[in-house]
Amino acid sequence: FFLSLFKPLFKVQLKSVKDVVCASAPDLQRLTGLSNSDVQQLITAAAAVCRRHPPITAQQLQHGVSGAQLRLGCPVLDRLLRGGLPVGGITELAGESGTGKTQVGLQLSLSVQYPAEHGGLGAGALYVCTEDSFPIKRLHQLIGEQVCLRSDVPADLVSSLRFSDHVYIEHTADLDSLLVCLTRRARLLLTRGLVRLIVVDSVAALFRTEFQADDWLERNRQLLTFSSMLHHLSQEFSTPVLCINQVTDVFSQSHNSMGPSLSTVSPALGLAWANQVMVRLMMSRLQGTVVRGDQSSALRRLEVVFAPHLARDGQNAAVWREGLRGVESWTSNRK
């Protein structure tokens with residue numbers, strides 16, 4: 001039936017689905033000679049071809065589009081995130097150097113490998129490094145401490161998982177290699193079901209080094225191309241995407257809707273990037289230490305800046321040998 005609707009298009013200048021979608025209903029009726037009802041069905045069919053996925057409603061975002069989430073593995077932090085990272089869309093984690101952003105990326109790269117009943121997605125992770133070398137020693141330390149971090153998971157299940165075999169590491173030194181990584185390698189790994197998480201560490205590095213201040217228009221164009229690729233991969237394969245971001249200084253300590261209250265830093269790349277992000281988290285380092293047994297850690301804070309399904313809130317945390325954990329009470333040594 002729909003083929004019969006498209007046949008009149010071959011006789012006029014409408015040569016693609018895009019031409020149909022961009023034309024008005026009266027113009028289509030005049031050009032094709034179809035009835036009004038047939039034109040409406042033609043437009044609906046063309047729109048369905050262009051839209052690879054059905055639209056997502058606010059209610060679906062509120063309750064989780066697919067019902068699946070990727071947990072961090074810490075009950076305190078997962079409670080802040082209402083279960084973990086959403087499976088669809090881009091989650092940004094911004095903060096200054098040394099706040100623990102990479103720790104989160106590594107921890108999620110292991111958490112994703114657990115079965116769904118234990119907060120994972122049953123597959124590996126693609127970890128894309130754009131500036132520093134991959135912290136392989138820290139990854140192995142986290143793997144060795146999984147039994148301690150994930151006490152909610154049977155020990156025999158933890159020991160059966162070959163974590164290091166399922167973290168796929170890519171180093172990209174420029175934007176071209178980053179885009180190739182996403183369009184070819186990432187898609188191949190996702191298609192084969194080998195990964196269900198993409199981590200980019202960090203998203204700002206290449207865009208800051210390859211463009212000068214006067215090149216902001218081209219930078220934004222490349223930034224939108226990059227984010228569009230991530231969105232397509234995330235939606236097509238139901239895959240969470242974590243983009244670690246740097247920060248830039250701001251000149252005011254007033255309330256800023258794009259960053260934490262009373263913060264002197266803001267996520268890099270401006271509004272062009274902020275509009276592509278579904279969830280924005282920020283990590284900061286506080287003036288204090290937290291002590292637990294023979295370990296001590298600088299106190300951190302993980303804040304929800306914006307998200308369609310989360311309240312603006314925060315949680316103190318610390319980095320231990322087994323990973324990042326939320327801190328609800330601590331012994332503080334103020335500097």
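Is F226 buried or exposed, going by relative accessibility? At 0%, F226 counts as buried, where buried means under 20% relative accessible area, exposed over 50% and partly exposed in between (1.4 Å probe, protein chains only). Some notes from going through the model follow.

1. Ground rules. This is a predicted model, where local features need pLDDT of at least 70, side-chain atom pairs count only at pLDDT 80 or more, and totals for chains, interfaces and linings use all residues. Residues are numbered from 1 along each chain as its sequence is written, and side-chain values use heavy atoms, with hydrogens and water left out.

2. Confidence. The protein has a mean pLDDT of 86, with 84% of its residues at 70 or more; pLDDT is the predictor's confidence in each residue, from 0 to 100. Keep an eye on residues 252–262, where the pLDDT is below 50. Beyond near neighbours in sequence, that stretch still has 26 contacts in the model (contact means heavy atoms within 4.5 Å).

3. Aromatic pairs. Searching the whole structure turns up four of them. Rings of Phe, Tyr and Trp (its six-membered ring) pair if their centres lie within 6.5 Å; planes under 30 degrees apart count as stacked, over 60 as edge-to-face and the rest as tilted. F207 and F226 have ring centres 5.8 Å apart and planes at 55°, so this pair is tilted. F207 sits in helix α12 (residues 204–210) and F226 in helix α13 (residues 216–237), so the pair ties together parts that are 19 residues apart in sequence. Helices here are DSSP runs (H or I, at least four residues), as are strands (E, at least two), numbered from the N terminus. F207 is buried too, at a relative accessible area of 1%. Ring pairs also bring in W273, making a cluster of F207, F226 and W273.

4. Charges over rings. The charged end of R150 sits over the ring of Y114, 4.6 Å from its centre. R292 lies over the face of W320, at 4.5 Å from the ring centre. The test is NZ of Lys or CZ of Arg within 6 Å of the ring centre and within 35 degrees of the ring normal.

5. Helix α7 and the cores. In α7 (residues 101–111), 10 of the 11 residues are buried, so the helix is largely enclosed by the rest of the structure. The largest nonpolar core has 42 residues, and V104, L108, Y127 and L242 have the most contacts inside it. Its largest share, four residues, comes from α7. A nonpolar core is a set of buried Ala, Val, Leu, Ile, Met, Phe, Trp, Tyr and Cys residues joined through side-chain atoms within 4.5 Å. Apart from this core lies another, of 30 residues, including V128, V195, A204 and L230. Leaving aside neighbours within four places in sequence, Y127 has contacts that include T102, G105, L106 and S109.

6. S234. This residue is in helix α13 and is buried, with a relative accessible area of 1%. Setting aside neighbours within four places in sequence, S234 contacts V87, G88, G89, T239 and V241.

7. The β12–β13 hairpin. Strands β12 (residues 314–320) and β13 (residues 323–326) run antiparallel and are joined by four bridges; two strands pair if DSSP finds at least two bridges between them. The hairpin connects them through two residues, and A317 has G326 in β13 as its bridge partner.

8. A25. Helix α3 (residues 25–32) holds A25. A25 and Q40 are 15 residues apart in sequence and 7.2 Å apart in space, C-alpha to C-alpha.
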